Amino acid sequence: MSKGSMTIENGRLVTPFSVFPGTVVIENGIISYVGSSAAAPAGVEPVLDAGGAYITPGLIDIHVHGGGGGDVMDGTREALELMGQTFSRWGTTAFLPATVTAGHRETLGAVEAVKEAAEKGTGGAEVLGIHLEGPYIDYSKRGAQHPDHIRPPSLTELEEVWRAAGPLLRLVTLAPEIEGAEKAIRQLRSWNVTVAIGHSNATYEQAMAAHLWGASHICHVFNGMRGLHHREPGVVGAALTCDGFSVELICDGVHVHPAAMDLVLRAKGPDKVVLITDTLRAMGLPEGRYQLGGLEVEVTEEAARLLTGELAGSTLSMAKAVKNAVQMLGVSVPEAIRMASLNPARTIGISHRKGSLTVGKDGDIALFDTELNPLVTIVGGRVVYQRA
Ligand SMILES: [Zn+2]
């Protein structure tokens, strides 16, 4: 997508640590000024009056499978366009599409589509690369992952993905207790890929060993792993006590009880919690009944369910996750925004160019009203969404 220039004035700038009145200027897709309105350079047009709204860095979702009717596993650029355009309605300016456990050819097909969408843009949020969630996971903690394709890590397969994706391969979620995981983690780290523990039945000791091999992130903490037991703390115990791990949190109050979310925040602090949505293709669709991925699904504001009542995915948005963090956890707006922008950017190694309102970073911006409802979304200095 081409890069734009614009001035966003009269807003409340949300930096990682504070909120103050001011202006942001973007030139050729890059932030060129952040500060008081009085000192802002004149003449960069168009000018958008924020009308006192929050001006925040664009939200970054590093764990998402689908939205707007599209799914990463469709293996098409169109699906990723639907996702990018849909997410941008909730302040998301960049996302890391996640695969699910599937056959190797299918995964490679998804990687090809991601490469194309990353290069050509989606008309909405930017595609940052790919997150492999599975297939190298523990059968007993597979959750909604397809059982038929779960298998031990294969260096040959990983090398093929790496050859296809290159630096766009940013995150791999696996279970470190399965045969071959150590070699896979060490190999991925040599390529500078972030490794997350997830869908894992690892003990505390196994999780800490994986940290020594290079794993540094936890896939949706509490979900897809054994609970916290005082004699066998498991992955959760390692995640909460080892500062070397950042943790993903599905902050909808359903996947993790608010008290357990509070525990995560107290243990990790606002710099190590990464808000994610983990949504499937029904996210962002108007309420109603759909044929999605060969299944009949009823979509409501709360969730997507099969006609049997079984959950077929959350319909959480990053904006809602931020709002929930403020309302359910009592964090400040800068902290909630940090957990949804700077922290995810750090996790996948892109914080030098995204994640905060900083001169020199990409002109990815979101505007929210005082209730944290999304108003305007800007990607690379161009407005991709504006609330009617
Ligand atoms: Zn997932």
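These entries record what I looked up in a predicted model of a single structure.

**Overall fold**

I began with the secondary structure and found ten helices and 23 strands in the chain. I then took the extent of the C-alpha trace, which spans about 60 × 45 × 40 Å along its principal axes. For 388 residues, a compact globule would have a radius of gyration near 21 Å, and the chain, at 20 Å, agrees with that. I noted that 54% of the 388 residues count as buried. Among contacts with a separation of 6 or more, 69% are between residues 24 or more positions apart.

**Helix 5 and helix 6**

I next examined helix 5 (residues 204-213) against helix 6 (residues 234-241); their axes lie 7 Å apart and the packing angle is about 50°. Helix 5 is therefore oblique to helix 6. I recorded the crossing of helix 5 past helix 6 as right-handed.

I listed the residues that meet: helix 5 contributes Tyr 204, Ala 207, Met 208 and His 211, and helix 6 contributes Gly 234, Val 235, Gly 237 and Ala 238. Sorted by class, this contact of helix 5 with helix 6 holds five nonpolar residues, three polar residues and no charged ones.

**Gln 291**

I located Gln 291 in strand 17, which covers residues 288-292. Is Gln 291 buried or exposed? I counted 8 other C-beta atoms within 10 Å, and a residue with 12 or fewer is classed as exposed, so Gln 291 is exposed. Finally, I took the C-alpha to C-alpha distance from Gln 291 to Leu 311: the two are 15 Å apart in space and 20 residues apart in sequence.

How values were computed
Residues are numbered from 1 along each chain as its sequence is written. This is a predicted model: local features need pLDDT of at least 70, side-chain atom pairs count only at pLDDT 80 or more; totals for chains, interfaces and linings use all residues. Axes are lines fitted to C-alpha atoms, for helices over the stretch in contact, and angles run from 0 to 180 degrees between N-to-C directions. Helices (H or I, at least four residues) and strands (E, at least two) are DSSP runs, numbered from the N terminus. Angles under 35 degrees count as roughly parallel, over 145 as roughly antiparallel, 65 to 115 as roughly perpendicular and the rest as oblique. A crossing is left-handed if the near helix is turned anticlockwise from the far one by less than a right angle, and right-handed if clockwise. Two residues are in contact if their C-beta atoms, placed from the backbone, lie within 7 Å. Ala, Val, Leu, Ile, Met, Phe, Trp, Tyr, Cys and Pro count as nonpolar, Asp, Glu, Lys and Arg as charged, and the others, Gly among them, as polar. A residue is buried if 20 or more other C-beta atoms lie within 10 Å of its own, exposed if 12 or fewer, and partly exposed in between; C-beta atoms are placed from the backbone. The radius of gyration is taken over C-alpha atoms; the globule rule is 2.2 Å times the number of residues to the power 0.38.
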